[in-house]
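Hi there,

Here is the structure I promised to pass on to you. Have a look at it first, and then read on for my notes.

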Amino acid sequence: MELDPEFVEEFANLKVSTRQVSPEELANFDEKRPLRERSQTKHPSYAHIPQFFSVPPPPADRLRHLLRKEAHSVFLQRQAEEQLDNEELNQLWEMLKKHVTETTAKKQQLISYDDYCRLQSAVGEKCRRYLTARLFAYLLCDSPYLGFVEIVSIYNYTIRKVWLTQCRIGLSFYDEVGQGYLREFDLENYLVDLIPTLIQIRDCMQPTFQKFYVCTVVKRFFFFLDRLRTGRIRIREMLASGMINELMELRHAPKETDTETEDSSPTNWFSMAAVLGIYESYLSLDEDHNGLLSKQELAYYGSGTLSSVFLDRVFEESHTYDGEMDYKSFLDFALALDNRQTPQGLHYLFRMLDEQHTGYLTEETMHHFFKGIQKQMQAFTEESVNYKDVSNEIFDMVKPKDPSKITLQDLNNCGQGETVVSILIEFHKFWAYENHNNNPQNV
């Protein structure tokens with residue numbers, strides 16, 4: 001195994017003590033004695049709770065960082081070698097078929113626990129780690145056949161577990177900190193290396209568009225998985241979310257039934273059609289072609305009826321350049337508006353509505369935003385709406401724990417959060433809500 005050149009170079013340049021070793025010290029030296037641990041204060045809780053976290057080395061200790069990185073890489077390589085490859089999976093399927101207990105009239109092949117135990121003895125050590133008694137009991141709970149499990153369910157489970165483990169190992173190679181999470185920079189590197197394997201992307205993407213594709217994909221991951229905006233996301237959460245599965249679907253050539261027409265919406269958010277759609281939306285809004293969006297340009301997003309009060313707040317909270325929004329900030333904005341029904345979308349919009357950063361919305365706060373809607377109404381119609389009636393309807397929909405204020409948790413719990421924020425920030429959504437009795441499909 002070849003070591004990291006940086007690690008080898010750093011070790012070669014390591015400065016050691018020039019102090020002379022006395023004959024007595026040399027005589028007492030025991031080469032089998034383990035190295036002395038670095039002096040550090042042991043916490044009293046260690047006597048009852050085993051230590052489960054090791055503090056990473058300080059940034060200035062480059063050698064320890066490289067050693068940690070090299071050890072992490074060797075560990076992952078060993079883990080990867082222990083996974084079943086395609087040939088071994090095919091052999092597992094053949095062994096499953098040889099141990100079938102009975103076949104139903106519908107050609108479904110079943111296996112009993114006794115034959116399952118014989119299968120465990122017949123397969124190799126690598127396969128045996130997957131074929132546990134717990135797995136059989138788990139699959140038996142959902143099996144419609146009393147005392148039997150379909151062999152295809154065992155095989156599918158094994159394939160999925162192997163795939164998830166391989167995917168986790170692949171992501172962990174980019175975890176430079178070694179703490180089980182990826183930063184934006186780490187995920188960008190992972191995607192750059194992954195794109196050549198994505199058949200549906202690599203053959204139709206211009207090299208100049210790659211950075212925009214990577215940026216768009218990374219933003220989607222962080223928008224949905226980094227709710228607290230810590231700048232990092234857990235690898236296990238990436239796998240559990242299913243978003244990695246959607247991305248990996250692009251490794252396979254599209255089926256004829258999956259072909260997207262001009263009038264259809266992309267079924268995979270990471271497809272080239274979906275990413276190009278949002279990028280072209282950004283370009284169409286950029287009327288002066290300076291690569292940034294002003295408040296006036298962003299006002300034409302979507303229905304073009306977002307209130308000026310809401311847009312003011314968006315630019316106050318977003319990272320801007322001379323008062324204009326870049327593509328990354330636009331992605332957060334677009335993802336929130338297109339996913340208002342999700343906790344992540346509501347979190348973004350609630351942050352915009354929470355002017356005072358108090359963590360809740362009062363009647364006065366909502367009135368401030370509704371003035372923007374009333375101003376738009378005056379331009380479209382002579383009708384006026386009493387804000388008190390709107391406020392009462394909002395509080396009736398949300399039913400907050402505190403009747404005087406609405407928290408983000410209240411919006412998530414009520415199931416009407418999307419409607420509430422929409423009627424406060426977008427005129428055409430408010431108008432559709434006001435006329436929902438006549439046109440319920442527009443709400």
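**What I found**

Glycine 242 sits in the loop that links α12 (235-241) to α13 (243-248). Please keep in mind as you read that this is a predicted model. With a relative accessible area of 28%, glycine 242 is partly exposed.

**Two packed helices**

Next, have a look at α11 (residues 210-225) and α14 (residues 272-285), which pack at an angle of about 95° with their axes 10 Å apart. That angle makes α11 roughly perpendicular to α14. Which residues meet there? From α11 come Phe212, Tyr213 and Thr216, and they meet Met272, Val275, Ile278 and Tyr279 of α14.

Continue past α14 and you come to histidine 289, in the loop between α14 and α15 (295-298). Is histidine 289 buried or exposed? Its relative accessibility is 68%, so histidine 289 counts as exposed.

**A buried arginine and its surroundings**

Arginine 313 belongs to helix α16 (residues 308-317). This arginine counts as buried because its relative accessibility is 3%. Where does the side chain of arginine 313 reach? It comes to 3.1 Å from the backbone oxygen of arginine 351. Leaving aside neighbours within four places in sequence, arginine 313 is in contact with Arg351, Met352, Asp354, Glu355, His357 and Phe369.

One of those contacts, histidine 357, deserves a look of its own. You will find histidine 357 in the loop between α18 and β8 (360-362). Although histidine 357 is not a glycine, it has a positive phi of about 55°. With a relative accessible area of 55%, histidine 357 is exposed, whereas arginine 313 counts as buried.

At the other end of α18 there is a loop that joins α17 (327-338) to α18 (343-353), and threonine 342 is found in it. Threonine 342 is buried, at a relative accessible area of 15%. A polar atom of its side chain lies 2.7 Å from the backbone oxygen of asparagine 339.

**Helix α20**

Finally, please turn to α20, which covers residues 387-398. This helix has 12 residues and reaches 16 Å from its first C-alpha to its last, close to the 16 Å expected at 1.5 Å a residue. Which residues of α20 are buried? They are Tyr387, Val390, Ser391, Ile394, Phe395, Met397 and Val398. These residues lie on the same side of α20, because they cover an arc of only 160° around the axis. An α-helix has 3.6 residues a turn, so residues three or four places apart point the same way.

What covers that buried set? The cover includes α19 (363-380), β9 (405-407), α21 (408-414), α22 (417-425) and α23 (427-434).

At the start, a side-chain oxygen of asparagine 386 reaches to within 3.1 Å of the backbone nitrogen of lysine 388. After the helix comes lysine 399, whose phi is positive, near 50°.

Notes:
Residues are numbered from 1 along each chain as its sequence is written. This is a predicted model: local features need pLDDT of at least 70, side-chain atom pairs count only at pLDDT 80 or more; totals for chains, interfaces and linings use all residues. Side-chain values use heavy atoms; hydrogens and water are left out. Helices (H or I, at least four residues) and strands (E, at least two) are DSSP runs, numbered from the N terminus. The expected span of a helix is 1.5 Å times one less than its number of residues. Buried means under 20% relative accessible area, exposed over 50%, partly exposed in between (1.4 Å probe, protein chains only). The arc is that of the directions from the helix axis to the C-beta atoms. Contact means heavy atoms within 4.5 Å. A polar contact is a pair of N or O atoms within 3.5 Å; within protein, one must be able to donate a hydrogen and the other to accept it, and residues adjacent in sequence count only if both atoms are side-chain atoms. Axes are lines fitted to C-alpha atoms, for helices over the stretch in contact, and angles run from 0 to 180 degrees between N-to-C directions. Angles under 35 degrees count as roughly parallel, over 145 as roughly antiparallel, 65 to 115 as roughly perpendicular and the rest as oblique.
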